[in-house]
Amino acid sequence: MFESIKNKFFTLSPAKIILLGYIAMIFVSAFILCIPVMYNENTAFIDALFTSTSALCVTGLVVFDTCTHWSVLGQIFILILIQIGGMGFVTLAVAIMRLNNKKMDIYSRILMKSSISAPYVGGMMKTAMFITIGTIIVEAIGAFLLSFVFCGEFGFAKGIWYSIFHSVSAFCNAGFDITGNSLVPYRESFYVNIVIAILIIIGGLGFFVWKDIIKNKFKFKNYSFNSKLVITTTLALIFFGTLAIFIFEFNGEMLKYTEHKFLASFFQSVTSRTAGFNTADLTYMTEIGMFITIILMIIGGSSSSTAGGIKTTTFAVIMLSVFNVSRNKKYVYAFGRRIEQ
């Protein structure tokens, strides 16, 4: 019977296996979060299920204050779920296989290709290790930089934990926080805002864009078509999002108590596209500000990244298509390349 189930499982498409894998992890994680050592206050299964789903899908929506409701052990477990969700459980599985010197069969390669939206099947082991090592390095640097603030405020041990948690949460575009009030207490801090924003942007660019940047440094003309499109669209969205929020919220209640209004607008533009942090009280946001935020949330990050949304490349192609149709052009062009129908 077990062999029959196993055979049926491996005949499923990679997309179905990934979907079933996430569903299984969500439910198992929900049961784990219901264990008394995981929380400080009694937790219903439905709330644990919501939390595990939000963490694993790096959504950032919560039903409880992560800081007070969950114990340190519960917070660690939630952070593990965020890390798995950001990197992809298939990527982590492949990285573990590589560390154990196990070979990867063709089906596993196809599965990982689907999981991270890779352009080709070859080199999946190297790609998994690149993603894993790259993630650890970026998150470690982020935690180190944040520790200068958090250690000074909360003491060494608690400060280090806060630094690690928020670095991972920012890089994975998860939006979970354990300060108790998102990042509102740090709305005047250029340092915290910039560090968190950079982590969000790096996580949202995509793993294959990292490779391009590392390989070609600042030689933009040598980047792949995908990288050019991702970087250009990301910068444009950050710039116009910041400008729009700054203009329409300048005299509004949301930025009323903020000295650095442009900084708050920049941070909101970056975080809206899937991270979920905030340094201003969004309940005071104007309707047009909400509309801009909704658009940014729909677009999200880039393919093969830790972010969600319809992706920057999808949005760019749609905009280019609209522009070309208005000019009566049959094909869509960008960076001297024609995009296939």
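**Overall picture**

Student: What helices and strands does the protein chain have?
Tutor: The protein chain has 15 helices and two strands. Keep in mind that this is a predicted model.

Student: How much of the chain is buried?
Tutor: Of the 341 residues in the protein chain, 48% are buried.

Student: And what about the accessible surface?
Tutor: It comes to about 17,400 Å² for the protein chain. Carbon and sulfur atoms hold 69% of that.

Student: Switching topic. Which residues of helix H11 are buried?
Tutor: H11 covers residues 207–216. Its buried residues are Phe-207, Phe-208, Val-209, Trp-210, Asp-212 and Asn-216.

Student: What follows H11?
Tutor: Lys-217 does. Its phi is positive, near 55°.

Student: How do H8 and H11 cross?
Tutor: Helix H8 spans residues 124–154. The axes of H8 and H11 come within 11 Å and cross at roughly 85°. Angles of 65 to 115 degrees count as roughly perpendicular, so H8 is roughly perpendicular to H11.

Student: Which residues make that contact?
Tutor: From H8, they are Thr-127, Phe-130, Ile-131, Gly-134 and Thr-135. From H11, they are Phe-207, Phe-208, Trp-210, Lys-211 and Ile-214.

Student: How many are nonpolar, polar or charged?
Tutor: The contact of H8 with H11 has six nonpolar residues, three polar and one charged.

Student: Back to the whole chain. How many contacts join residues at least 24 apart?
Tutor: Take the contacts between residues at least 6 apart in sequence. Of those, 64% join residues at least 24 apart.

Terms used
Residues numbered from 1 in each chain as written. Predicted model: local features only at pLDDT ≥ 70, side-chain atom pairs only at ≥ 80, totals over all residues. Heavy atoms only, no water. Helix = DSSP H or I, 4+ residues; strand = E, 2+ residues; numbered from the N terminus. Buried < 20%, exposed > 50% of the residue type's maximum accessible area, 1.4 Å probe, protein only. Contact = heavy atoms within 4.5 Å. Areas by Shrake-Rupley, 256 points an atom, 1.4 Å probe, with all protein chains shown as cover. Axes fitted to C-alpha atoms, helices over the stretch in contact; angles between N-to-C directions. Parallel < 35°, antiparallel > 145°, perpendicular 65-115°, else oblique. Nonpolar A, V, L, I, M, F, W, Y, C, P; charged D, E, K, R; others polar.
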